[in-house]
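Subject: A structure for you to look at

Hi,

Here is the structure I promised you. Have a look at it first, and then read on for what turned up in it.

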Amino acid sequence: KIPYVVGSKSPTAVAINSASKAGEWIKSKLGMHQELNTKVSPQDLVTDVDKGAEMMIRKLILTHFPNHDILGEEGVAPGATASAAALSKASQSEYLWIVDPIDGTTNFVHGFPFFCVSIALAYRGEVIVGVIYDPIKDEMFVAEKGKGVYIHGNRGEVSKEANLSDSVIGVGFNPDREFGLPTNMKGINALANTTRSLRAGGSAALHLAYVAIGRLSGYYEVGLNAWDIAAGALMVAESGGIVTDTTGKPYDIGVRHVVASNGKIHAELLETIKAANATGIA
Ligand code: 2AM
Ligand code: CA
Ligand code: CA
Ligand code: CA
């Protein structure tokens with residue numbers, strides 16, 4: 001279905017196959033998870049299905065690329081400090097796979113049909129492949145560095161809006177009640193007053209994929225991790241959009257406070273977030 005994937009063993013093909021297999025399995029487990037635990041806070045959920053999907057993806061990647069490193073959300077100790085430490089160690093890798101087995105676990109647990117598998121491959125710290133699979137809509141988003149973004153073989157493009165007042169912006173509610181959520185809400189408030197409308201679907205990766213193919217004009221959320229953003233950020237860049245942090249610094253795999261857009265509204269989006277004092281902890 002994706003024309004430029006040659007051979008079933010290219011990294012892109014392995015990413016697509018892994019996302020597709022894990023996604024099908026996750027979908028089959030919808031409403032059937034057996035364990036539900038919390039991590040650092042009551043809002044921070046994990047199920048046996050998150051863990052099982054990550055194991056499945058690890059195994060598939062290592063079958064083809066036994067020497068590559070893998071950074072997966074459920075393989076890392078929870079909490080901002082632990083995830084930053086894991087990323088800083090992992091970023092020394094030559095080839096590093098960055099895996100979020102279910103992005104949108106809260107949705108998965110509640111049966112809200114908006115979640116995905118997100119898989120990225122970085123070479124010396126730079127993302128070169130990004131794959132996001134939504135098993136509910138059976139939508140496979142694929143980006144390769146320098147080759148654009150594709151949804152089932154069709155080239156994706158960012159939207160055309162040139163002003164925030166014509167824009168629909170994706171946002172998310174950071175679960176950290178003490179710092180993250182209050183910061184996020186300042187930005188969300190400012191955007192609610194200046195945009196056409198906001199959408200908070202609950203999956204950072206899918207929101208980024210939607211920006212890349214023009215279903216959203218932009219996206220803003222603070223306090224994310226590398227696995228939420230890596231694949232989607234490549235997609236936005238490859239479709240002609242822009243991804244920065246909330247201060248305007250260009251995207252790299254360490255960015256946690258993300259602003260993504262079709263490019264045309266980026267300055268206005270950043271300005272609005274900065275003026276609201278919603279840039280998050282550096
Ligand atoms: P997850 O479902 O993989 O955990 C929703 O606003 C976004 O925030 C999702 O992409 C979600 O990813 C992420 N998220 C959920 N809990 C989080 C936490 N405790 N810290 C940071 N990000 C989180
Ligand atoms: Ca999680
Ligand atoms: Ca995630
Ligand atoms: Ca996850």
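Before counting anything, one definition: helices (H or I, at least four residues) and strands (E, at least two) are DSSP runs, numbered from the N terminus. By that rule, the chain has 8 helices and 14 strands.

Please keep in mind that this is a predicted model, in which local features need pLDDT of at least 70 and side-chain atom pairs count only at pLDDT 80 or more, while totals for chains, interfaces and linings use all residues. Residues are numbered from 1 along each chain as its sequence is written, and chains are lettered from A and ligands numbered from 1 in the order in which they are written.

**The whole chain**

The radius of gyration is taken over C-alpha atoms, and the globule rule is 2.2 Å times the number of residues to the power 0.38. For 282 residues, a compact globule would come out near 19 Å, and the chain has 17 Å, which agrees. Along the principal axes, the C-alpha atoms fill a box of roughly 50 × 40 × 35 Å.

A residue is called buried if 20 or more other C-beta atoms lie within 10 Å of its own, exposed if 12 or fewer, and partly exposed in between, with C-beta atoms placed from the backbone. On that count, 48% of the 282 residues are buried. Two residues are in contact if their C-beta atoms, placed from the backbone, lie within 7 Å. Among contacts with a separation of 6 or more, 71% link residues 24 or more positions apart.

**The sheet of 7 strands**

Strands of a sheet pair through backbone hydrogen bonds, either parallel or antiparallel. Here, two strands pair if DSSP finds at least two bridges between them. One open sheet has 7 strands in the order β3-β4-β5-β6-β7-β8-β9, with mixed pairing. Its edge strands, each pairing on one side only, are β3 (69-72) and β9 (154-155).

Helix α2 (residues 48-64) packs on this sheet and touches β3, β4 (95-103) and β5 (116-123). Angles run from 0 to 180 degrees between N-to-C directions, and axes are lines fitted to C-alpha atoms, for helices over the stretch in contact. The direction of α2 makes about 150 degrees with that of β4. Helix α7 (residues 226-238) lies across β3, β4, β5, β6, β7 and β8, at about 100 degrees to β6.

β6 and β7 run antiparallel and are joined by 6 bridges; D134 has E139 in β7 as its bridge partner. On to β8 (residues 148-151): 4 bridges join β7 to this strand, again with the two running antiparallel. Here F141 is bridged to I151, and E144 stands opposite G148.

D138 is not a glycine, and it is exposed, with 12 other C-beta atoms within 10 Å. In the hairpin of β7 and β8, with 3 residues between the strands, G146 has a phi near 80 degrees.

**Two helices side by side**

How do α6 and α7 lie relative to each other? The axes of helix α6 (residues 204-212) and α7 come within 8 Å and cross at roughly 0 degrees. They are therefore roughly parallel (under 35 degrees; over 145 is roughly antiparallel, 65 to 115 roughly perpendicular and the rest oblique). Residues making the contact include A204 and L208 of α6 and I229 and M235 of α7. By class, the contact has 11 nonpolar, 1 polar and 1 charged residues. Ala, Val, Leu, Ile, Met, Phe, Trp, Tyr, Cys and Pro count as nonpolar, Asp, Glu, Lys and Arg as charged, and the others, Gly among them, as polar.

**The sheet of 5 strands**

Another open sheet, also with mixed pairing, has the order β11-β10-β12-β14-β13. β11 (197-199) and β13 (242-245) are its edge strands, and the twist averages 20 degrees from one strand to the next. β10 (residues 168-171) and β11 pair in the parallel sense over 3 bridges, and I169 has L198 in β11 as its bridge partner.

Enjoy exploring!
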